[in-house]
Amino acid sequence: MLTSVDTDLLRVLADPLRLQIVTLLAKETLCSTHLIEETGARQTNISNHLKVLREAGIVETEPCGRFTYYRLKPDVIASLAGQFADLAATARATAENNVKRSCP
């Protein structure tokens with residue numbers, strides 16, 4: 001079980017459409033209309049996924065007239081990447097030192 005990686009963020013990003021939205025937002029700030037065009041998903045589906053991403057702290061909003069733009073929070077992604085880097089470093093050290101638990 002991954003205890004050193006934020007499992008809540010992993011669950012949020014595990015959904016293919018949410019991951020696609022995050023990937024698109026990494027490249028530019030977009031409104032839901034743009035995300036509908038890019039993904040082909042329905043408006044209600046996009047809105048629901050954006051709500052999950054907002055509540056998880058992965059995206060932030062910027063009102064612009066009658067539209068709301070969404071922006072990826074890179075620090076959240078960088079933190080998750082750092083957690084994976086730490087996990088990889090631990091696994092590398094374990095492999096190099098041949099660390100294994102003896103059987104009873």
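Let's start with strands S1 and S3. S1 covers residues 30-31, S3 covers residues 67-72, and two bridges join them. The two strands run antiparallel. Keep in mind that this is a predicted model.

Who faces whom here? Leu30 has Tyr70 in S3 as its bridge partner. Cys31 stands opposite Tyr69 in S3.

Now the other neighbour of S3. Strand S2 spans residues 59-64, and six bridges join S2 to S3. Again, the strands run antiparallel.

How many residues lie between S2 and S3 in their hairpin? Two. Look at Gly65 in that turn: its phi is positive, about 65 degrees.

You get an open sheet of three strands, in the order S1-S3-S2, with antiparallel pairing. S1 and S2 are the edge strands, and each pairs on one side only. As a reminder, strands of a sheet pair through backbone hydrogen bonds.

On to the helices. H4, residues 43-55, packs with H2, residues 16-27. Their axes are 10 Å apart, and the angle is about 75 degrees. So H2 is roughly perpendicular to H4.

Which residues make that contact? From H2, take Leu17, Arg18, Ile21 and Val22. From H4, take Asn45, Ile46, His49, Leu50, Val52 and Leu53. In this contact of H2 with H4, seven residues are nonpolar, two are polar and one is charged.

H4 lies across S2 and S3. H4 runs at about 115 degrees to S2.

Notes
Residues are numbered from 1 along each chain as its sequence is written. This is a predicted model: local features need pLDDT of at least 70, side-chain atom pairs count only at pLDDT 80 or more; totals for chains, interfaces and linings use all residues. Side-chain values use heavy atoms; hydrogens and water are left out. Two strands pair if DSSP finds at least two bridges between them. Helices (H or I, at least four residues) and strands (E, at least two) are DSSP runs, numbered from the N terminus. Axes are lines fitted to C-alpha atoms, for helices over the stretch in contact, and angles run from 0 to 180 degrees between N-to-C directions. Angles under 35 degrees count as roughly parallel, over 145 as roughly antiparallel, 65 to 115 as roughly perpendicular and the rest as oblique. Contact means heavy atoms within 4.5 Å. Ala, Val, Leu, Ile, Met, Phe, Trp, Tyr, Cys and Pro count as nonpolar, Asp, Glu, Lys and Arg as charged, and the others, Gly among them, as polar.
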